[in-house]
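The following note sets out several points on the side-chain packing, charged pairs and helix contacts of the structure shown below. It is intended to be read alongside the coordinates.

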Amino acid sequence: MKKLRILWTDDEIDLLRPHILFLEEKGFEVLTASNGDDAIEIVIAEDLDLIFLDENMPGLSGLQTLSIIKEKKPNIPVVMITKSEEEDIMDQAIGSKIADYLIKPVNPKQILLSIKKNVDNKRLISEKTVSGYQSNFGKIGMQISDANTFDDWAELYKRLVYWELELEQNPDSGMQEVFHMQKSDANNGFAKFIKKNYESWFSGEKEMPLMSPHLFKEKIFPELDKGQKVFVIVIDNFRYDQWKLIQPLISDYFTVESEQLYSSILPTATQYARNAIFAGLMPYEIDKMYPQYWLNDEEEGGKNMKEAELFETQLKRLSKNYKFGYEKITQLKAGEKVVENINDLLNNQLNLLVYNYIDMLSHARTDIEMIRELANDEPAYRSLTISWFKHSPLFALIKELKDRDVKLFITTDHGTVRVQNPVKVVGDKNTSTNLRYKNGRNLNYNPKEVFEIRDPHKVHLPKSNISTSYIFATNDDFLAYPNNYNYYVNYYRNTFQHGGVSMEEMIIPFIKLKPNK
C-alpha cells in the first residue's frame with residue numbers, strides 16, 4: 001500500500017525531529033520545510049496527502065502560506081499548529097478551510113490522531129463499510145427469501161438503498177458488483193411477489209398496502225381536518241434513494257415526522273399513478289365516473305392536464321371543503337413565481353405543488369447525448385438530482401416555509417429504473433409505446449418474461465376494447481419491438497424508464513415533515 005506523504009512546515013523544524021521519527025516509524029513519509037516559501041515550492045512539486053503548518057513563522061506567516069496553498073492545491077488537508085489561542089487567528093484559519101487546529105506543544109498521539117482523522121479516516125471508513133456489507137450480505141439474502149408482504153419488501157428496499165449509498169462512497173472496494181447482483185436478485189424476488197399478490201390486493205384476498213389512491217384520504221385529509229395548513233409537494237419520478245440524498249439538506253429547516261414507503265399502482269406511469277393520487281380513485285373508476293378527465297394511451301392529448309379538476313371531484317365525494325391551490329412547475333420561472341407568491345399561497349389551507357424536473361431529466365437523458373454522458377450511471381443520476389435540488393426554487397420554497405406554521409408532505413407518483421435487458425413483444429398500431437408496460441388487444445410475447453394482466457378490470461385498469469390486456473416489464477427489462485430491433489435496443493439500453501415492476505418504481509417515499517423550532 002502506498003505510503004502517506006506528509007509535509008511538516010515549522011521554523012523550528014529541527015526541534016520536531018522526534019515527532020518526525022515517530023511518524024516515519026509508523027510508516028509515513030515526512031517531508032519538511034522551515035518557511036512558507038519552501039513549503040509552497042514543495043506543495044507545487046510533490047504529491048502530498050497532508051500538511052502540518054506552523055502559524056507563527058518569519059517571512060510568510062502560516063495564514064499567508066495557507067492561503068497560497070489553498071489556491072495551488074485546494075484539496076490537500078492542512079492542519080494548523082500554533083502557540084496562539086487567539087480567537088481571531090482561529091477564525092481566520094477555519095475560514096480558510098483548514099482540516100484541523102492544534103495548539104503547541106503537541107504530542108505524538110495528537111499528531112497521529114489528526115492524521116487518522118483527516119487522511120486515514122477514508123480508508124478506515126471504507127474498510128468498515130465493506131466489512132459491514134459483507135456481514136449483512138447473508139442477512140439480506142434471508143430477507144429476500146422470507147419477504148411475503150409489501151412491508152417486508154419496503155424494509156428490505158430501505159436496507160438495500162442504505163448499503164447502495166454507503167458503498168457508493170468507495171467505488172474501488174470491489175463490492176459494487178456483488179451488491180448489484182444481490183439487488184437484482186431482490187428485484188427478481190419482488191417481481192415474483194407482485195405477480196403472485198397484486199390482483200389479490202384488489203379482490204380482498206390479501207391485505208392491500210397503502211397505494212396511490214389512498215394518500216389524501218388516509219394521510220393528508222386528517223391533518224387538514226385538524227385545521228392545519230398543508231403543503232403537498234409531488235416530485236414526479238422521485239425515488240427513495242434520491243429522497244435520502246436530499247434529506248440532510250432539508251433537515252436544517254424541517255424535521256421528519258414520519259417516513260413511509262407506499263406502493264405505486266401499476267402501470268407506474270404518471271398518467272395512471274398521479275391521476276389516481278389526485279382523484280383518490282383507480283384509473284378504471286376515473287374513466288367510468290369522469291370520462292371527460294381521462295384519456296387512454298392510444299388517444300391524443302395530454303394525459304395529466306386535469307389533476308386539479310380530479311382533486312376537486314375527490315373533495316366533493318368525501319364532502320370536504322378545503323380552500324386549495326394547485327401549481328404544476330415545469331420551468332424555473334414558474335418555480336420562482338411560487339416562492340414570490342408564498343404569502344398568497346398561505347391564504348389556502350392546502351397547496352398542491354407538482355415538480356416535474358426529475359421526470360424531465362430522465363427523458364432528457366434518453367434523448368440528449370450530453371445528458372446521457374452526465375448521468376451515465378446511478379451515482380451520476382443521483383448527483384444530478386441533488387445538484388438540481390440545492391439550487392432549485394423548490395429548496396428555496398422549503399426554506400421560506402420553515403418559519404410558517406405548516407405541515408409539509410413530500411412524495412411522488414412513481415420511481416424509475418435503469419433498463420438493460422430487452423424483451424421482445426409484438427403489438428398492433430394501437431399498442432401503447434411505453435418501454436416498461438404495454439396495453440392493447442393483440443399483444444404477442446413470452447408470458448414467462450413479463451407480468452401479464454389479461455383482465456384489466458380485476459386490477460381496476462381501463463380497457464379500450466373487450467380484449468385489451470396489459471403486460472409489465474420486470475427488474476431491468478424493457479419491451480422492444482422486433483422491427484429495427486438492434487437500433488431500438490442500443491438506443492434505449494441503459495436509460496431510465498418507468499411503468500413496470502421493480503422496487504425502484506413501485507416502492508416510493510411518502511414523507512411528513514414539520515418545521516424546526
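**Note on packing and charged pairs**

1. Leaving aside residues up to four places away in sequence, Ile410 is in contact (heavy atoms within 4.5 Å) with Ile233, Ile235, Phe238, Trp243, Ile250, Ile398, Pro509, Phe510, Ile511 and Leu513. The model is predicted, with local features requiring pLDDT of at least 70 and side-chain atom pairs counted only at pLDDT 80 or more, whereas totals for chains, interfaces and linings use all residues. Residues are numbered from 1 along each chain as its sequence is written, and side-chain values use heavy atoms, with hydrogens and water left out.

2. Ile410, together with Ile194 and Tyr198, touches the most other members of the largest nonpolar core, which has 85 residues. Such a core is a set of buried Ala, Val, Leu, Ile, Met, Phe, Trp, Tyr and Cys residues joined through side-chain atoms within 4.5 Å; buried denotes under 20% relative accessible area, exposed over 50%, and partly exposed in between (1.4 Å probe, protein chains only). The greatest contribution to this core, 10 residues, comes from helix α6 (residues 150–168). Helices are DSSP runs (H or I, at least four residues), numbered from the N terminus. A separate second core has 22 residues, among them Phe221, Phe324, Leu350 and Val354.

3. The structure has 30 salt bridges, each being a side-chain nitrogen of Lys or Arg within 4 Å of a carboxyl oxygen of Asp or Glu. In one of them, Asp455 pairs with Lys463 at 3.8 Å, N to O. Asp455 is partly exposed at 30% relative accessible area, and Lys463 is also partly exposed, at 23%. Elsewhere, shared partners link Glu164, Glu168, Lys183, Arg239, Asp241, Glu378, Arg382 and Glu504 into one network of salt bridges.

4. Asp403 and Lys402 form a salt bridge at 3.3 Å, N to O. Asp403 is exposed, at 63% relative accessible area, while Lys402 is partly exposed, at 24%.

5. Helix α10 (residues 270–279) and helix α12 (residues 307–317) have axes that come within 7 Å and cross at roughly 40°. Axes are lines fitted to C-alpha atoms over the stretch in contact, with angles running from 0 to 180 degrees between N-to-C directions. Arg274, Asn275, Ile277, Phe278 and Ala279 of α10 meet Glu307, Leu310, Phe311, Gln314 and Arg317 of α12.

Technical notes: Helices (H or I, at least four residues) and strands (E, at least two) are DSSP runs, numbered from the N terminus.
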